[in-house]
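Before reading on, take a moment to turn the model around and follow the chain through it.

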Amino acid sequence: ICTSERAKNTAISLLPIIGWMKTYSFKEWLLNDILSGVSTGLVAVLQGLAFSLLASIPTWYGLYAAFFPVIMYFFLGTSRHISVGSFPVLSLMVGAVVTRLVPDEGLPANITAFEGLTKEEQRVLVSASLTFLVGLFQLGMGLLQVGFIVMYLSDTLISGFTTAAAVHILISQLKFVLGLTVPGFSGPLSIIYTLESVFTQITSTNIHDLVTSIVVMVMVLGVKEINDRFKSKLKVPIPIEIIMTVIACGVSYAFNFSENHGVDVVGKIPNTFESPIAPSLQVFQMAAVDAFPIAIVGFAVAFAVAKVYSVKHDYVIDGNQELIAFGASNIFGGAFKSLAASTALSRSAVQESTGGKTQVAGLLSAIIVLVVILGIGFLLEPLPKSVLGAVVIVNLKGMLMQVVTVPYLWKKDRPDCIVWVGTCLAAIFLGLDIGLAVGLGLELLTVVFRFALVSFSVFLNLLQIYEPEGVKIFRIPSPIFFANIDFFRDKLKDAVGFNPLRILRKRNKAVKKMKKLLKKGELTLTSNGLQATCSMPIEESEDESNMEDLDKPTDYSDLPIQVNWNAELPANIQVPPVNIHSLVLDFSVVSFLDISALKGLKAIKEFIRINVDVYIVGSYIIEKLRNCKFFDDEIKTSIFFLTIHDAMLFINESHPPKTVSEKVMKTFGDCTSLICSFKD
C-alpha cells in the first residue's frame, strides 16, 4: 500500500540529503564545512591534475572528476565525510584500457566514433565512455541490491591488490620524474616492458625534471611526517603539496623551464567546460570486461573508507545506496568527459581532519575546482609534469608500506598470506584486472580449504540455554572470516540490545561534562551523590574534534564518587542504561578465524570498557589468538573457558544472583519511585 509515510521514507532513502539537511546546524557546522571544503578543494585540484596522467589523458580532465561526480554524490551519497573524485588505482585501470584502444605507437582500435578525431580526443572518448559504463554497472548493482558483494573482498585481498596497483603507479610515473618519452603498455607483463623502455633511455634523463622531483618528494614527505606527528596540535595540516606546487609554478615560469630546458609542463588549460558527449557503444563492447572490475574496485575502496568514518562519527551508511550514488556520479561525469570517480584516502582524510561535518564540504570543494577551471587555471600552465609525478609517488607511501604485513601474515595466518602474495604478484605481472580475478580465486580456495579442515566431531547444540538475569549468551555456529565478520558484529549488537561504542562515547562525554560542571561549581557532592545547583538543561555538545578520546576507556579521575550509570544522572545528562553485566561468546564450534575476523573481534574491548565482562567459550581458537597477539592489558587469557557451564559458575561467583527478597525490595523501590513521580 502506498502511503505518505512510505513515500517519504523512499524519498529519503533515494535522496539522503533530505534526511541530514533537516538536522544541519548552520551555527556549529557551516564554518567547519567551509574550512574543510577550501582545503579539500585545493588538494582535489592537484590530485585531479596528477591522476589524469595515470589515465593517459590531458591533465584538465582530471579536474572534471573533482567537480561533476561530487555534485551528484552530494544529493545521493550516504557518507558525510569521504571526498569523491579521482583515485590513482582507478585512473591507472582506465589508463590501461585507453592505451590498449589508442596506443602511443600504431593504429587505434577500429571504432567508428574515432573518425576525424585527434589521438588526444580519441583517448578522451575512450576514458569518458569507460567511465559511463562503470557508472552503469554500479547503478545496476545498486538497483539490484547487491551491495553485499564487497564483503567477499577481504582486507587481505584489497591490501595485496592496492599494493600491486601502487607498484604499477610508481613505475608509470618514472617517465615524468625522469623526463623521458615512454610509450604506454597494457596487458600481461606490461610493467616489464615499461621498465625495459625506461632503462634503455636512462641516459637521456632530463636533470631538471629529476632534481625538481627529488626536491618536491623530500619536502612533501618531510612535512607530511610533521603533520602526522603533531596532528593533535595542528588545527589544519600544513598544505605542503599546494605550497610546493605554487613554488614550482613560479620557478618554472620565471626560468621558462619548458623552452629553455625541455621540461614537459601541464600546458594550456581551457577556461571553460566542454560540451557533453554521448558514449561510444563500440567502446562499451571492447571495454566491458575491464569496466566491471573497475566498478567493483572503485566501490569497494569508497565503501571501506566511508565505513571507517561512519563508525568514527556514529552514523549509518547504506551499501546499496552508495552503489547508486557512485553509479549516477560516474554516468553524469562520463557524459562530461570526467575520469572514473571513487575516493582517495588522503583527500578524504583532509576533508575529515579539517573539521568537515557533511557533504557541504564536498560541495564547496567542487566550487573551488570550478573557480580553478573557469578563472585561475592559467596559473597552473607552467607546472612541470614531473611535480605532478612526484606528488603521485609521495601519495603511494601508505599503499606501498602495506608490504610490511607479509611477514606478520606468514607467521600468523598462512592462507591469508598466500592470498596477499598471490594477488599482489598476479596483479603486478598479469595486470590489475587479471590479478583481481586471481585474488578472488585464491580467496575462495582458502575458504574451501579451511572448511575442509573442520573436525566432523564438532556439532552445534541447538537446545535453548537459560540466561540468568544480567547475562547474555551469544552462540556463533560457524567459522568467522572476512565474509561474515560484519554480520557477526551486527548480530551481536542486536542480541545485547545496544551499541557498546555508542554507550562508551556517551559515558565519556558525560564524565567530561561532570568534571567541567564540578570545576564551575554547578555540581555539588551531597549524601545522595552529585546534584546540580541549577535545573537548566545541559545541551550535548556537537564537537567531535576529539572522537578518538571518546573511544578510550573512561577516565574517572577527579570525580569524587563512582558513577552509577543505571541511575538518574545529574544536570539532565542522559546515558542509555546497560542491562547486562556479563557477555558469554560461545565459540565452541568456531573452527577457524582469519585476520579480518581477528580485527573485528577486537571490538569486544568496547564491551569491557563499559564494564560488561566478556567470556569466550571454546578451545579451538585460543592458540590462534595467542599467536596473533590478540591478548593485551584489556583482553586477557583468563576470559577463556572450556564450557558454558564453567563460565556460568565463574559469573555466579563474581555476580551472585539476587535473592527473592532483594528482587521484591527492588520492585517495591521502583514502585515507590513511580508513585512519588505521580504525586509530584
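A nonpolar core is a set of buried Ala, Val, Leu, Ile, Met, Phe, Trp, Tyr and Cys residues that are joined through side-chain atoms within 4.5 Å, and buried here means under 20% relative accessible area. The model to which this is applied is a predicted one.

What is V89 in contact with, once its neighbours within four places in sequence are left aside? The partners of V89 are F161, A165, I169, V297, M399 and L432.

**The sheet**

Strands of a sheet pair through backbone hydrogen bonds, and they can do so in either a parallel or an antiparallel sense. In this model there is an open sheet of 4 strands, in the order β3-β6-β7-β8, and the pairing is parallel. The edge strands are β3 (471-475) and β8 (640-641), each of which pairs on one side only.

The pairs can be followed across the sheet in that order. Strand β3 pairs with β6 (residues 582-586) over 5 bridges in the parallel sense, and I473 stands opposite V584 in β6. Strands β6 and β7 also run parallel and are joined by 5 bridges, with L583 opposite V614 in β7. Between β7 and β8, which run parallel, there are 2 bridges, and the bridge partner of I616 in β8 is F640.

Why can strand β7 be called largely enclosed by the rest of the structure? The reason is that 4 of the 5 residues of β7 (residues 613-617) are buried.

**Cavities and a pocket**

A search of the whole structure finds 3 cavities of 30 Å³ or more.

| Cavity | Volume | Lining residues by class |
|---|---|---|
| Largest cavity | about 90 Å³ | 7 nonpolar, 1 polar and 3 charged residues |
| Second largest cavity | about 60 Å³ | 9 nonpolar residues, 1 polar residue and no charged residues |

The lining of the largest cavity includes F488, R489, L492, K493 and P500, together with G600 and L601. The elements that give two or more residues to the lining of the largest cavity are α22 (485-496), α25 (595-601) and α26 (604-608), and among the contributors α22 gives the most, with 4 residues.

The second largest cavity is lined by L153, L157, I158, F161, T162, I296, V297, A300, V301 and L436. Helices α8 (155-178) and α13 each supply at least two residues of this lining. Two of the residues named here, F161 and V297, line the second largest cavity and are also in contact with V89.

The second largest pocket has a volume of about 720 Å³. Of the 25 residues that line this pocket, those closest to its centre are G470, N566, I580, H581 and H655. How many of the lining residues of the second largest pocket are nonpolar, polar and charged? The lining divides into 12 nonpolar, 9 polar and 4 charged residues.

Key
Residues are numbered from 1 along each chain as its sequence is written. This is a predicted model: local features need pLDDT of at least 70, side-chain atom pairs count only at pLDDT 80 or more; totals for chains, interfaces and linings use all residues. Side-chain values use heavy atoms; hydrogens and water are left out. On a 1 Å grid over the protein atoms alone, a cavity is a set of points where a 1.4 Å probe fits but cannot get out, and a pocket is an open set with protein on both sides within 12 Å along at least five of seven lines; lining residues have an atom within 4 Å of a point. Grid points are joined across faces, edges and corners, and a volume is the space filled by probe spheres set on the points. Ala, Val, Leu, Ile, Met, Phe, Trp, Tyr, Cys and Pro count as nonpolar, Asp, Glu, Lys and Arg as charged, and the others, Gly among them, as polar. Contact means heavy atoms within 4.5 Å. Two strands pair if DSSP finds at least two bridges between them. Buried means under 20% relative accessible area, exposed over 50%, partly exposed in between (1.4 Å probe, protein chains only).
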